[in-house]
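Please read the points below with the model open beside you.

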Amino acid sequence: MARPRTDVNNSHVLLVEGESDRGFFEQVCKRLSLHPAITVAAPKDYQGQARNSKQGVLALLTDLLGNLLDEAAALKCLAVVVDADYQATYGLGYQDTLAQVTAIATAYDFALATPASGGLLFKHSDGLIEFGLWIMPNNQDEGMLEDFLKTCICADEQPLFAHATQSIAALAAPKFKPHHNSKAEVATWLAWQKTPGHGLYASVNDNLLDTDALLFRQLGAWLQSIYQPLA
């Protein structure tokens, strides 16, 4: 027997992998003055037994696309952000992550409609319904949200961040895996701010990012194309 579809009560959903991603994107949405109804959610918010992860997002996407195509459902606008991760560490990488999303989308008659440079968009065959996809860091390379942040750090913060990366590189026996270097670097940099202990959201709240950086502007334009900003 097929399991019941998970239905959501939110009209505008931005689905992300976990709590740190949620905090970051909530602040980005506020900074861009996007639609006030946007709910930034992780898999556990809709499926309590789910795991907050890329695979959790992909599993939930099947249900959300069903919601999106159901005229009686609350969901009207959807975007998804996941990390590419690294193929060598079983995280898929960019191409295989895109392939998995495409396979799910194709089953619901969606097709990729835009190039990756400014974010991805899938359109339904009816020409009316669409959903967005951003694969961190840049819809091209392997990596994660922290690699996106590294690209957008403002000039005033570059010396401190360089010191953080040097400190991580100097560790004789780090406990974290090499593909988590970016996470360690960003976490160290944020720990050295005026108020240590804050999450990724602090990079937006405390104006630590260059919002004129090309990648940040591309992310903003992609979000604005999906969720109309406030008038």
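1. The model is predicted. Start with Asp70, which has a relative accessible area of 26%. Because buried means under 20% and exposed means over 50%, Asp70 counts as partly exposed.

2. Asp70 forms a salt bridge with Arg5, with an N to O distance of 3.1 Å. This pair links distant parts of the chain, as its residues are 65 apart. Asp70 sits in the loop between helix H3 (54–69) and strand E3 (77–83), while Arg5 belongs to the segment before strand E1 (12–15).

3. Arg5 is itself partly exposed, at 34% relative accessibility. Its side chain also meets that of Asp7 in a salt bridge, here at 2.5 Å from N to O. Asp7 has a relative accessible area of 46%, so this residue falls in the partly exposed class too.

4. Another salt bridge joins the side chains of Lys123 and Glu130, at 2.6 Å from N to O. Lys123 is partly exposed, with a relative accessible area of 34%. Glu130 is partly exposed as well, and its value is 27%.

5. Arg5 pairs with Asp7 and with Asp70.

6. For the whole structure, the search finds eight salt bridges. Those described above are among them. As background, side chains of opposite charge can pair when their charged atoms come close.

Technical notes
Residues numbered from 1 in each chain as written. Predicted model: local features only at pLDDT ≥ 70, side-chain atom pairs only at ≥ 80, totals over all residues. Heavy atoms only, no water. Salt bridge = Lys/Arg side-chain N within 4 Å of Asp/Glu carboxyl O. Buried < 20%, exposed > 50% of the residue type's maximum accessible area, 1.4 Å probe, protein only. Helix = DSSP H or I, 4+ residues; strand = E, 2+ residues; numbered from the N terminus.
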